[in-house]
Amino acid sequence: MLEKLLKYEIRATARTFLPLYGLILLLAVVNRALFQSAANQMNLFNIPRAITMTVYVVLIVAMFVMTLVVTIQRFYKNLLGDEGYLSFTLPVKTHSQIDAKMIVTLLWSVLSILVAAASIFIIASDADTLASFSRFCAGVAELYSRYGLHAHLIAFEVVALCVVDFASGVLHIYASIAVGNLAGRHKQLAAFGAFIGFSVVEQIFVLIFVEAFGGSISGYFRAFHYSSEYFPTAPVEIALLGMIAYSAVFFAAFYFITDWILSRKLNLE
């Protein structure tokens with residue numbers, strides 16, 4: 001059933017993102033052509049170039065803002081708004097509803113980053129840029145050759161941290177909306193208050209953790225000597241693992257809060 005929910009969510013959101021992606025890439029090509037023309041023909045293309053570049057930047061910003069807006073809108077309207085009466089009559093568990101929306105949000109966020117990167121590459125690519133990119137790739141390959149399995153482990157941990165931290169952020173929003181929905185009135189204001197409250201709780205936990213274990217952690221990292229030709233990978237691996245564990249704890253907490261409220265305390269009035 002999760003697969004069907006994912007297909008439904010993708011169809012419902014693709015109509016917003018795909019035209020925006022296409023327009024951004026089209027403007028990147030236009031800007032690239034105008035930059036090349038401006039280099040050869042005086043100032044004839046300065047004004048059109050300035051206009052298209054401004055529109056391009058606005059669309060890039062709008063793309064990321066739209067990701068946040070759609071994240072909030074789809075969760076609230078589809079589960080807690082009028083559509084909720086239909087959504088919760090489907091033969092599917094509540095956690096599948098949450099999973100589908102979280103996964104699709106992650107999908108569009110990754111695609112937005114890739115589209116932004118691709119459009120920037122289209123505009124900025126020239127012989128020097130390609131040479132710099134080639135040197136960067138060669139440097140990365142050298143690091144993998146030098147550190148072997150450790151490099152793969154660090155790369156995996158970085159990707160895992162990004163995914164878990166992002167998912168935790170999405171669930172932070174979902175949990176705040178779910179808590180706000182418990183309020184009889186001013187649900188949006190209550191949701192905003194819950195978001196701030198959860199953020200404060202996170203910061204308190206960080207301060208407690210640093211106060212309790214900061215000295216031990218600093219001592220651990222100082223124990224490594226950096227005089228060797230090879231940078232020690234163990235501190236990096238441990239630090240990334242700790243950050244993943246931290247994000248995973250709040251991921252689980254926000255997930256539990258959201259699922260519990262939607263399953264036990266749902267209020268669609």
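1. By class, the residues lining the largest cavity are four nonpolar, four polar and three charged. Here Ala, Val, Leu, Ile, Met, Phe, Trp, Tyr, Cys and Pro count as nonpolar, Asp, Glu, Lys and Arg as charged, and the others, Gly among them, as polar. The lining consists of Glu9, Thr13, Phe17, Thr67, Val70, Thr71, Arg74, Lys101, Val104, Thr105 and Trp108. Helices α1 (2–40), α2 (46–80) and α4 (94–124) each give two or more residues to this lining. A cavity is a set of points, on a 1 Å grid over the protein atoms alone, where a 1.4 Å probe fits but cannot get out; lining residues have an atom within 4 Å of a point.

2. This is a predicted model, in which local features need pLDDT of at least 70 and side-chain atom pairs count only at pLDDT 80 or more, while totals for chains, interfaces and linings use all residues. Residues are numbered from 1 along each chain as its sequence is written, and side-chain values use heavy atoms, with hydrogens and water left out.

3. The protein has eight helices and zero strands; these are DSSP runs, helices being H or I of at least four residues and strands E of at least two, numbered from the N terminus.

4. The structure holds three salt bridges, each a side-chain nitrogen of Lys or Arg within 4 Å of a carboxyl oxygen of Asp or Glu. Two of them involve glutamate 9: one with arginine 74 (2.9 Å, N to O) and one with lysine 101 (2.9 Å, N to O). Shared partners join Glu9, Arg74 and Lys101 into one network.

5. Glutamate 3 is exposed at 54% and lysine 7 partly exposed at 43%. The two are four residues apart in helix α1, and therefore separated by about one helical turn.

6. Leucine 240 lies in helix α8 (residues 234–264) and is buried, with a relative accessible area of 9%. Beyond its neighbours within four places in sequence, leucine 240 is in contact (heavy atoms within 4.5 Å) with Ile154, Glu157, Val158 and Leu161.

Key. Buried < 20%, exposed > 50% of the residue type's maximum accessible area, 1.4 Å probe, protein only. 1 Å grid on protein atoms, 1.4 Å probe; cavity = no way out; pocket = protein on both sides within 12 Å on 5 of 7 lines; lining within 4 Å.
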